[in-house]
Amino acid sequence: KLIIRSHEGPDARDKRHDLLAMDSGYTIDHHVACGKLITLFSAPDYPQFQASVDRYNNSGAYIVLSPPDFATPDFHTFQAVKPRPKAHPYYDFEDVIDSDEELNLGAMDTGTSSS
């Protein structure tokens, strides 16, 4: 009756005009007689560690399911803390490839294993 999937964020939804935006942290993508497909995104103000100041200003969300049938989701949304606290991520995110467009497959080693 209920499928809950996670983390198809607002950036992926920009390219999928057939799906609702992820502004509220969740979407009900399909609601038919046999059940619902829900997409849940828990990262508010995505992306948190992007080098630029461009953000989606989306809410994050979580779902609470209750007995006896666990079929009626109770949605809870939340916003990011603003102004954002200074974060010291382990990686230097300015040099991290974060999209397929930036990935250069031709430059990768295409050697094969000799096992």
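Y46, at 23% relative accessible area, is partly exposed. Before going further, please keep in mind that this is a predicted model, in which local features need pLDDT of at least 70, side-chain atom pairs count only at pLDDT 80 or more, and totals for chains, interfaces and linings use all residues. Residues are numbered from 1 along each chain as its sequence is written, and side-chain values use heavy atoms, leaving out hydrogens and water.

The structure holds four aromatic pairs. One of them joins F41 and Y46: the ring centres are 5.2 Å apart and the planes stand at 85°, so this pair is edge-to-face. Rings of Phe, Tyr and Trp (its six-membered ring) pair if their centres lie within 6.5 Å, and planes under 30 degrees apart count as stacked, over 60 as edge-to-face and the rest as tilted. Ring pairs also bring in Y56, linking F41, Y46 and Y56 into a cluster.

Now turn to the strands, which are DSSP runs (E, at least two residues) numbered from the N terminus. Three of them make an open sheet with mixed pairing, in the order β1-β3-β2. β1 (2–6) and β2 (26–32) are the edge strands, each pairing on one side only. Two strands pair if DSSP finds at least two bridges between them; β2 and β3 (residues 35–40) have six, in the antiparallel sense. Within this pairing, H30 has L37 in β3 as its bridge partner.

Note on methods. Buried < 20%, exposed > 50% of the residue type's maximum accessible area, 1.4 Å probe, protein only. Helix = DSSP H or I, 4+ residues; strand = E, 2+ residues; numbered from the N terminus.
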